[in-house]
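Reader: I'd like to go through this one with you term by term. Tell me what each label rests on.

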Protein chains: 2
Amino acid sequence: MTAIYPSLNIIKEAHERIKPFIHRTPVLKSSLINDLLNVEFYFKCENLQKVGAFKYRGATNAVQLLSDIEASKGVTTHSSGNHAAALSLAARKRDIPAYIVMPENAPSIKKAAVQSYGAQITYCEPTLEAREKTLDLVQQKTGATFIHPYNNFNVISGQGTAAVELLEDYPQLDAVIAPVGGGGLLSGTAIATKSINHNIKVYGAEPLNADDAYRSFKQGIIIPSENPNTIADGLLTSLGTITFQAIRDNVDDIFRTKEETIILAMRLIWERMKIIVEPSAAVPLAIVIENKDFFKNKKIGIIFSGGNVDLNQLPFH
Amino acid sequence: MTAIYPSLNIIKEAHERIKPFIHRTPVLKSSLINDLLNVEFYFKCENLQKVGAFKYRGATNAVQLLSDIEASKGVTTHSSGNHAAALSLAARKRDIPAYIVMPENAPSIKKAAVQSYGAQITYCEPTLEAREKTLDLVQQKTGATFIHPYNNFNVISGQGTAAVELLEDYPQLDAVIAPVGGGGLLSGTAIATKSINHNIKVYGAEPLNADDAYRSFKQGIIIPSENPNTIADGLLTSLGTITFQAIRDNVDDIFRTKEETIILAMRLIWERMKIIVEPSAAVPLAIVIENKDFFKNKKIGIIFSGGNVDLNQLPFH
């Protein structure tokens, strides 16, 4: 039987493959935030990764694994977020075209980011149906390989490499927390962490306003997001078949958090740690704030998933 | 003759002394900013230092060097900025009192920062005369030792340790640039750099709207600031006798920059590097932006001096 999701060995191979392209991001600590919550935090700063997000790991792994013939025709995806930018840069590093399908109403800052990495953008109506149809047309025309943002074996392998680095630096953690949207990061993190040391707990962190992963996890079937509405714009998507299985098998629990706590956690990180995280990246700290007693006195690794925010639209008042 | 300013050996002794207390801050790179300016940058991130600024190095060195009798009476300074917070935390780490004289109109965020480190604040009128008079009174009452924010031998020794670390990590630089206000950071940086490798150029970076260091450097006498008005609120102060001499002897040149370029450089750092720097810390990058040809193809170390900004009052529109 072929494994539906990658093993630790596959993730380690991915790590060797992508090392020449990625930053080994620092793990930062903050005695102020530790004291505030009675927790020993280890923050893996994927906001300082290239393109400002962990997504560059998975995209690079997927692009590097293409055969030369596949690669020559390029890659494509539909996304207006970090995966689009990550795939564009990963393609450029292999000197192959990237075709990005984006809703025409995507923020101009995101369009500009993707363009700056040299990708070709095809705009579509802002519906899932239009996205998929446009993507089909692009694939038919170009023969490009579709790289799904998260429900993709090679992408998940790449995302798991952040946890591998975190545990190389700090093996003695009690728990690791990652945000969960489509589940690529949480899947890779959970597989890697549990395979390295089964005693380390792995938790997913999700906004209450987009809690499809929580509900899917609890009920044992994929329940898609319905009208998710959260400031954590990287966590709007629903689990895929592969990520659902990986999370079900390897994650200990999923916690949910209120919007106010996400903004509070984000502000705490900005003010105390002097680094820029996007709202999605602040969700794991938010769940610790909302569950202080549960996490008290633990050594906790948190993956700061990304740092892409529009400085003209900050949620601070 | 006693040296008026510290030697490299003194700075190295300071480094050993403060190592248990400080963060060894990372040196970050940005291929995007490199490509934009055709420069190879090495950013020493003192914004990620404790209290969010290099000031903690000098304050810690000065506090640790006090005799037990001096220490028991505490330390004092007048400042509403990073030095006040740094001295407060440095005092707390030695378990001694810190008395901070602050203008009553100081931003509440700065008052809160100093209070959170356990210092006792004495408020005064917002004039230099009132500050100095109030400081005298505090000293008479408490016997506390005055630790000047920059015109202090031990403070300058501490500030020089950031450049020592930078050059340990990256010895092959062509130039190092630091912002200059009172000159503590630039003095320590220049002494350390020139003593380690005399071929490395050292430049000061100053806002045009507060260019007393530039004018003092060019004319060979201390010319105090007159009504400085710049967004770089850490650079409002004028050189002192010690910092003037250290800069005169060890700095190759001082460049000035417009306010717009400071904001542009600050935004570039936030958006591209995902770290928070205060306006003063962006001044060195601003002078490179304004002098592209001069700095082209060079390996340049930049000290990001601090990251303390009020998130409710950002200059981005």
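**Labels and what backs them**

Author: Start with one residue: leaving aside residues up to four places away in sequence, B:Asn154 touches B:Asn61, B:Ala62 and B:Leu65. Keep in mind that this is a predicted model, where local features need pLDDT of at least 70, side-chain atom pairs count only at pLDDT 80 or more, and totals for chains, interfaces and linings use all residues. Residues are numbered from 1 along each chain as its sequence is written, while chains are lettered from A and ligands numbered from 1 in the order in which they are written.

Reader: What makes those residues count as touching B:Asn154?

Author: Two residues are in contact if their C-beta atoms, placed from the backbone, lie within 7 Å. B:Asn61, B:Ala62 and B:Leu65 meet that rule with B:Asn154.

Reader: Why does B:Asn154 count as buried?

Author: A residue is buried if 20 or more other C-beta atoms lie within 10 Å of its own, exposed if 12 or fewer, and partly exposed in between, again with C-beta atoms placed from the backbone. B:Asn154 has 22 C-beta neighbours inside 10 Å, so it counts as buried. B:Asn154 sits in helix α8 (residues 153-159) of chain B. Its C-alpha atom is separated by 21 Å from that of B:Phe304, 150 residues along the chain.

Reader: What makes something a helix or a strand here?

Author: Both are DSSP runs numbered from the N terminus: H or I over at least four residues for helices, E over at least two for strands. By that count chain A has 15 helices and ten strands.

Reader: Why is helix α3 of chain A said to be largely enclosed?

Author: Nine of the ten residues of α3 (residues 55-64) of chain A are buried, so the rest of the structure largely encloses this helix. Among the buried ones are A:Tyr56, A:Arg57 and A:Val63. The buried residues of α3(A) pack against several elements of chain A, including α1 (8-18), α5 (82-93) and α10 (184-196). Across chain A, 54% of the 317 residues count as buried.

Reader: What are the domains of chain A, and what do they rest on?

Author: Domain bounds come from an automatic or database domain assignment. Chain A is divided into domain 1 (8-54 + 153-304) and domain 2 (56-146). Their centres, taken over C-alpha atoms, are separated by 25 Å. The contact takes 20 residues from domain 1 of chain A and 15 residues from domain 2 of chain A. On the domain 1 side, α8(A) gives the largest share, six residues.

Reader: Why are β1 and β9 of chain B called edge strands?

Author: The open sheet in chain B has six strands in the order β1-β2-β10-β7-β8-β9, with mixed pairing. β1 and β9 (253-257) of chain B each pair on one side only.

Reader: How do you know that a two-fold axis relates the chains?

Author: Copies are superposed by least squares on the C-alpha atoms of residues with pLDDT of at least 70 in both. A rotation of 180 degrees with 0.0 Å of shift along its axis puts chain A on chain B, RMSD 0.0 Å. That is the relation of a two-fold axis. The same surface serves both copies, as 100% of the contact residues of chain A recur in chain B. A:Ile275 comes closest to the axis among residues of chain A, at 2.0 Å (C-alpha).

Methods:
Pairing = 2+ DSSP bridges.
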